Every structure is written in C-alpha cells, then in structure tokens.
Amino acid sequence: KMTETLYSESLKVKYKCQDAEDRFVVIKVTVELQTTTSPLHRKDLLVRLTDDKDPFFLFNLCLGEEDFQSLKTQQGLLVDFSAFPQRFIALLQQSHSEESRESPKFLLQFVLEESSSFSTSNSGCGILKVIETNPFKHLTHLSLNFLHGNDSDVKKYLASCLKTTLDHKAWLENKLSETEHDLGQKLEKTRQQLSCKSQELDQLRSEAGGKSERLTTKHAQELNMEREKALKLQEDLQKRYDRERKDLDSTYQKNLRQKEVRLSELENVNKELTDRRYRAEATIREQKAKLASLDEEHRRCRSDLQQSRRENSSLEAERHSQEKTIQQMKTRVAVLEQELLDKEQLVARITSSLDASQQQKEQLDDRRSEQQIQIRKMEATIKTMSDELIKGNEIIKKLQDELRGYMGKVKIKNEVTTRQEKLIGEKEQMAEKTRKELEETTNKLKNSEDETMKLKDQLETALSKLEESKNLLKTNENVINWLNKQINEQHLVSRMNPP
C-alpha cells in the first residue's frame, strides 16, 4: 500500500447538531490517495476530519471507484474519479479563501447525525457539505457521508498524533540545547568585555577627578572677573537710562502738544464735512422728487407710444390683408384675360374653318349646323366672361380706393407717433440730465463720507499712539524703579559680602 497526502489544512466549518445550536468550529481536513497493488491494482480516496482540540473527534471516508460511481449518479457530478480529488480540493481552497468575509459565497457545513458529539467516542455518522450561497437559494455542490472512527481507528490516530508530538519534542530539545550552548558562549564573551570596560571606566574617573579640580579653580577666577564687569556695566546702564528717560519725556511732551493741535483741526474739518453732508442729502431728496415726476411722465408717454404702435400694427395688418385680396383679384383677372385670349384664338380658328367650310359647303352641310350651335355657345360664354371681367375691374377699383384711404390714415398715425417719440426722447434727455446730476451729487457725498472716514481713522490712530506712548512711559518708569531696586540690592549684597 502507498499513501499520498494531497491536502491537509484546518478549515472553518459550520457545525450542526440536534442537541446544540449551530456554531462555527475549526476542523482539520486531510485528503489522501491510497493505491494498492496486490491482489488487484486499486485506488481509494481517503478523507479524514479531525480536531486538534479534541483527540476523540475522528471521522473517516473511504471512497473507491465503485462508491464514486454511485455518488456521481446520486448527486449528478460531471467529473471522473481521477479528476475528483483535485476538484474537491479546489472547493475546499475556495471556501478557505472566503472564510474572512462576512457573507462568504462558498461555505463548509458538517451535519452530525444521531447523538454523537466532539467529546464522546460513540459511533455515528456525519455529512460534510460544500454549499454555495446566492440571493435565491443555498446550492449544495457536494455532500459526503463520513463514519465516526472506531476504537482501533482512534488508537491509530492518537498514536500518529503522539508520534508527531514526540518528534516535535525531540526537535525542540535539540534546538534548546543548541541555543543554551550559544548563549553560554555569548555570556562568557560579554563578561570579558565587561571587565575590560570597568578597567577603562576607573581610568576615566581618575582623569575626570583631576580635570574637575582644575576647572573649578578656573571657573572661580572667571566668575570674580565677570562680577566686576557686571557692576561696571550696571553703572553705565543706569547713567544711560537716566539720559534716555529725560529725552523720552521731552519728546513725549512735544508729541502730545502736536496731537492736541491736530485733534482740534480734525474736529473742525469733521464739522464742515457733516454740514456738507446734510446739504448734499437735501439736494439728493429734491433731485429724487424731480426724477420720480419725470419717470411718471416717461411712463405715460411710453404707454401712449405703445398704444399708437398697437393701432399702427393693426392697420398694417388690415393693409396686408387688403393687398392680399387685391393680389388675388389681379391673379383672377389675369386668368380671365388668358381665358379670353384663348377663346379669341378659338374663334379665329373657327372663322378660318368656316371659310374652308364655305368652299366645301356641299359636303359639310350637316357639320355646319353643329358648328353654328357650338359658335353660339362659345359666344354666350365669351359674353359671360366679359361681364365677369367688368365686375372684377369694378371691385379692383373699389379696393384701390379703400387702400388709398387706409394709407392716408396710416400716414396720419405715423406722424402722430413720430411726434410722440420726439416728446419721449426730450423727456428721456431730461431724465438723463437729472440722473447725471443725481449721480454727481451722490459721488460728491461719497467722497465727503470717505474723507470723514479717513479723518476719523487718523484721529483714532493718533489717539491709539497717544495711549501707547503713555503706556510705554509707564512701563519705562516701572522698569526704572525695578532696576533701581536691583542695583540697591546688589550694592547691599556687595557691601555685606565683599569678593
């Protein structure tokens, strides 16, 4: 017998049991291919389910070619026995890759039948299902029946587990001895290095003690020299501070007088600008009243002009309709004239035919009577057509007279509209003038307001500078007092503790 391990991996499986709730457990799935050569050449697929936490959990499946044929017919499989192990391993890998998802597409489910559990070794069977979930249903791709291992199978499995643990233990012990040997060598080296470093530290401490004594004496001398320099510098600073204080007082007084004079000037300018502003507002009110009246007149003129334009458009529409009717009558007259010409030509032909018929009078007596009847009919139609032409000419004359009357009315209305447009143009020019004057006055008012704002800003800046100079003077006085205190204290200390 030869056994080849094809797949061995711990997978997350949904465990179902009658006595317990559904839960997810980790089960190790091992797929092996066993070949036997005597007495017959045969291949069997061995699938084993185990749990590392529970050594008594053991389920086996031995699937031969004959058993696979019945499984293939029952579940409608499309693969042969030779390709089945790789397809089964592919399904297991697919479910393993989707374990981390919240809703995996492929899921392994183990259903335990009868009353067998993880912690007992009672006989029973279980079903391992490979399920694909889609929005419509749970589709079972494969369902395999496993038998719980008997005592001999469990003993064999426990012996193999014990063997693997013993091998692992031996490997760990060897590794531990090697690491202990390495660590002992490293510890010896570090001890030697530590002794060398301690000797170097003692030498450095002795050298540092001599250097520190020399440095303390040197620093004491330098400290005395710096104290003398500081006293001299303090006296110089005191004198300089007194001079600067006097200069600052004089400049502050001068600036204060200049700011007061500037403040009085700005107040006078502000009064003048406020007077100008009130006058400008009064003129703006007057101009607004004039503009409102002119706008009212402009609205009236516009309404009159629109009404006259509406009347003019209605008259033009009537004129266009009259012209259309005249054009239609002219076309009708032209048609009638053309028909009259056609009839005259026909009469001429008939007369020529009569001349020819007089020569052949004897032969065409019968036709003559018929032609005379036709001639009479044609003459009657010619008379009716001439009457219609006369009536059409009279209608055309009437329409032309009416058109002349309409054209006169239109001319009169056009003259009235041109006069009204002239009046509206004059009113618009007047309104534009008043608007321009209003804009000029508003611009002047804005300029005056800007000047007042600038003067106010200058006044505020001057006052802020005045406050800053006062605060600076106060801080200078405080600093002077503090420096005097410090100088007095240092003098007292120097007198009490001479260097």
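Predicted model: local features only at pLDDT ≥ 70, side-chain atom pairs only at ≥ 80, totals over all residues.
Visitor: Is V479 buried, partly exposed or exposed?

Guide: Buried means under 20% relative accessible area and exposed means over 50%. V479 is at 41%, so it counts as partly exposed.

Visitor: Now the strands. Which way do the side chains of β5 point?

Guide: The general idea first: in a regular strand the side chains alternate between the two faces of the sheet. In this structure, F106, L108, F110 and L112 point one way from β5, while L107, Q109 and V111 point the other way. Both sets are buried, and the count for β5 (residues 106-112) is 7 of 7 residues buried.

Visitor: In which sense does β5 pair with β1, and in which with β6?

Guide: With β1 (residues 2-16) the pairing is parallel, over 4 bridges; there, Y15 has F110 of β5 as its bridge partner. With β6 (residues 125-133) it is antiparallel, over 7 bridges, and Q109 has K129 of β6 as its bridge partner.

Visitor: What does UniProt place at residues 151-180?

Guide: The unreviewed UniProt entry puts "domain: SAS-6 coiled-coil" there. In the model, residues 151-180 are 100% helix and 0% strand, with the end C-alpha atoms 42 Å apart.

Terms used: Residues numbered from 1 in each chain as written. Heavy atoms only, no water. UniProt positions renumbered as here; feature names shortened; annotations may be inferred. Helix = DSSP H or I, 4+ residues; strand = E, 2+ residues; numbered from the N terminus. Buried < 20%, exposed > 50% of the residue type's maximum accessible area, 1.4 Å probe, protein only. Pairing = 2+ DSSP bridges.
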